[in-house]
Amino acid sequence: MKRHVQTGQARREAASPITERDVSDIAWVSDSIAPWLSSDRVEVDFSDTTLRRQALGQFMTPDWVADFMASLFVARWKTLDLLDAGAGTGALTAAVIRRLCSSRAMLESVAVSAYELDSTLIDPLRSTMDDCRRMCRRVGIGFQATVLNEDFIAAAAPIIRADLGMENFTQFDAAIVNPPYHKIHGNSTTRMQLRSSLVETSNLYTAFLALIVGLLKPGGELVAITPRSFCNGPYFRSFRADFLARMTLRRIHVFASRRAAFSADEVLQENVILHAVRARPTSADVIVSSSDGTPNSAVAERVVPYEQVVPPGHDQRFIHIPIDQEQTASATLLGALPMWLSELGLSVSTGRVVDFRVREHLRSAPDVDTAPLIYPCHFNGTYVAWPKANCRKPNAIVIDPSTRDLLVPSGIYVLVKRFTSKEERRRIVACIYDPTRIVAPLVGFENHVNYFHAKGRGLDQALARGLTAFLNSRQVDAYFRRFSGHTQVNATDLRIMKYPSRSFLERLGREANDIHQDEVDRLIGQETA
Ligand SMILES: C[S@@+](CC[C@H](N)C(=O)[O-])C[C@H]1O[C@@H](n2cnc3c(N)ncnc32)[C@H](O)[C@@H]1O
């Protein structure tokens, strides 16, 4: 019997797996299936395929993507212990076996551990494992598969915790994974299990990755397809810190289109494929590649220094993916800028007014007891235009003791949209709130807006204008696209950037009226030359 990660506890849980019979209509299922809900147990109608797919994060990998993923392994194994966590019907393992059988090199035997929670997929998964066995037999490679109808998190967390008498514990040579994607609720059992293993993360996909890292042997290889959000999201900071401390990135592939790879499944997340090795990070190069996400499409590859992908000195540990020359050049350029935001005496915050929380205080038109409320719809070129007639958003918020803390004193603020539409040319769209154009002692910035301020107060005119021109430049946009795959701009994203000197920004601000944005780009180039 081949070793695998099934523990005493996992076996006990396996004694009461979620079976087809249990879940056929309305069933009580564990919180790892519906981790985004607050209660530990929740009713899910499993006869509804769409609900089942959503609840289990079931987006199956197309064969051509699986083959590409399998091709990334260095694969210098004599024997291979392979982990497929969230195996679905086994597409990823099958791709690895196809690759190994076509170029078997020195490989003698393979042992697969495939975890899949959904019992309706277990028969097809077993049948894929039988196909793999046949493929291996044909070329003389030994093959064993252990199919585990279990919650991978419940099985792996105690092993990582290493506080249960671990029998049969395997460390894996390799893992291939397309993990389920879902929020994990803060009070759920899944979150507690993770926490007890020192894994602090709020999404299933990063939880899977963190646990898999712990199950890999030194030198073990991981190939994963995941949403890109972990590369810069503030919520993934501790995941990134832990992952990057234990794994060395070797390759990151990004699909140019959001619908890529999972077109049949309507996935709108931007996806990346990463290849990483369990080893302390070295300063070796990383291959960064991209393709448009259709079968047989050309893959553009670049080799970039590790420091460009994981720039040192940032406690956020953002992962940059410079897919083209412009993005690389922008990093060199912006990296050479002299100032951190705090050195300019500035901060950036997210608008404090969360509109649905203060619904009763919102007004469509200003009145004597209100303050202006600024949404992205008020952005109008360089300056905010307010109020906006025929707008679906309110223009004003009532000033009273319950809203007073949500407002800031009148002043010149530089605003940046938190969300841009995909159609918008730039991801970073900046605009100035100018109190000479909007006369009011207080102002509210809605939560879809980030605002730059000086210790909670406004900026001077020239600095604000220069900062706006800088933020709207092509270089800043290209730089931002390196580390963010989504259209959301977090205040943290703006905090980790370097900025020109105050004198440069003020000069830019004084001249920006008369110059074209191309000229701004040229001037920024000069500042770092
Ligand atoms: C994104 S799908 C990928 C399936 C397959 N690996 C592929 O690439 O086609 C994720 C799979 O994980 C399974 N899953 C979800 N939560 C799980 C858990 N806690 N433990 C084990 N499997 C889980 C889902 O049922 C689903 O089959």
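How far is the sulfur of C132 from the closest cysteine sulfur, and which residue holds that sulfur? These legends walk through a predicted model, starting with that spot.

**View 1. C132 and its closest cysteine partner, C136.** The gap from the sulfur of C132 to the one in C136 is 6.7 Å. That's too far for a bond, because a disulfide here needs two cysteine sulfur atoms within 2.5 Å. The count for the structure comes out at 0 disulfides. C132 is also buried, and its relative accessible area is 0%.

View 2. Start with E116: one of its polar side-chain atoms sits 2.6 Å from an oxygen atom of the ligand. Over at F152, a backbone N or O atom is 2.9 Å from a ligand nitrogen. On its own the ligand has 590 Å² of accessible area, and the protein covers 99% of that.

**View 3. The shell around the ligand.** There are 21 residues around the ligand, and Q58, T61, G86, E116 and F152 come nearest. Sorted by class, the shell has 11 nonpolar residues, 6 polar ones and 4 charged ones. As for the space that the ligand takes up, this is the largest cavity.

Methods
Residues are numbered from 1 along each chain as its sequence is written. This is a predicted model: local features need pLDDT of at least 70, side-chain atom pairs count only at pLDDT 80 or more; totals for chains, interfaces and linings use all residues. Side-chain values use heavy atoms; hydrogens and water are left out. A residue is near a molecule or strand if one of its heavy atoms lies within 4 Å of it. A polar contact is a pair of N or O atoms within 3.5 Å; within protein, one must be able to donate a hydrogen and the other to accept it, and residues adjacent in sequence count only if both atoms are side-chain atoms. Accessible areas come from the Shrake-Rupley method with a 1.4 Å probe; for residues, only the protein chains shown count as cover. On a 1 Å grid over the protein atoms alone, a cavity is a set of points where a 1.4 Å probe fits but cannot get out, and a pocket is an open set with protein on both sides within 12 Å along at least five of seven lines; lining residues have an atom within 4 Å of a point. A molecule sits in a cavity or pocket if more than half of its atoms lie within 2 Å of its grid points. Ala, Val, Leu, Ile, Met, Phe, Trp, Tyr, Cys and Pro count as nonpolar, Asp, Glu, Lys and Arg as charged, and the others, Gly among them, as polar. Buried means under 20% relative accessible area, exposed over 50%, partly exposed in between (1.4 Å probe, protein chains only).
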